Amino acid sequence: MLLVMLTGCGGAPADGQTVREHFAQLTGFEAELKILSDLGQSTLEYQVEYVYNREENDTFTITAPESLAGIGGTIAGTDSASFTLQYDGLALDDAMPQRTGLTPADALFCLLNDLRTAEPAQIWTERVDGQSLLALRYEQEDADGKVEKQVWLAEKTYQPVCAELYADGTRVLQILVTSYQET
């Protein structure tokens, strides 16, 4: 009886395998995002409509700021190598970011890839505004430096809530999911 009281009645905590299985089986979703990009000298805020489709291409459209509204992109395949930036039917060549996964255009795509395939370095739970969240931290280091990603998911549904991305210890992006609907 004491063991039940100490462990609670919520069942076993999620692990990296459970999260990977959930996102590997996810067929699609539509989300509205607020992305804050901190470039050191300035912070830029974007609003983006993002559509994930496991069987097709992921797409996004910038809805704000007004000066960029309508710019969109398509990412195909299992990594961001098949990235096309578009505006009003025109595809732009050589639009790949210099550091993959750390730009407003490809951050969510690369983060979803981590959720599907990578083992998190850490997993813990947090309570934020009365909601129980599962937090996952991913780390990778290569010749370009160290990239760390923290993502918070609703603990029971794994619905993305927010993420923070760091390059060499400096936060460069925040992603807030303002609306989410699985399709």
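## Basis of the model

Local features of this predicted model require pLDDT of at least 70, side-chain atom pairs count only at pLDDT 80 or more, and totals for chains, interfaces and linings use all residues. Numbering starts from 1 along each chain as its sequence is written, and side-chain values use heavy atoms, with hydrogens and water left out.

## Overall architecture

The protein contains three helices and 11 strands; helices (H or I, at least four residues) and strands (E, at least two) are DSSP runs numbered from the N terminus. Their order from the N terminus is α-α-β-β-β-β-β-β-α-β-β-β-β-β.

Of the 183 residues, 38% are buried, that is, under 20% relative accessible area with a 1.4 Å probe and protein chains only.

Strand β10 (residues 160-167) is mostly covered, with seven of its eight residues buried. Strand β9 (residues 145-154) runs antiparallel to β10 and is joined to it by seven bridges; two strands pair if DSSP finds at least two bridges between them. On the other pairing of β10, six bridges join it to the antiparallel strand β11 (residues 170-182).

Residue E164 of β10 takes part in both pairings: E164 is the bridge partner of Q150 and stands opposite Q174 in β11. The hairpin of β9 and β10 has five residues between the strands, and Y158 in the turn has a positive phi of about 65 degrees. In the hairpin of β10 and β11, two residues lie between the strands, and D168 takes a positive phi near 50 degrees.

Helix α3 (residues 107-117) is mostly covered, since nine of its 11 residues are buried. Among them are A107, L108, F109 and D114.

The structure holds three cavities of 30 Å³ or more. On a 1 Å grid over the protein atoms alone, a cavity is a set of points where a 1.4 Å probe fits but cannot get out, and lining residues have an atom within 4 Å of a point. The largest cavity holds about 50 Å³ of space, a volume being the space filled by probe spheres set on the points, which are joined across faces, edges and corners. Its lining comprises L33, I35, V48, Y50, F60, P104, A105, A107, L108 and I175. The elements giving two or more residues to this lining are β1 (28-38), β2 (43-53) and α3.

Key:
Buried < 20%, exposed > 50% of the residue type's maximum accessible area, 1.4 Å probe, protein only. 1 Å grid on protein atoms, 1.4 Å probe; cavity = no way out; pocket = protein on both sides within 12 Å on 5 of 7 lines; lining within 4 Å.
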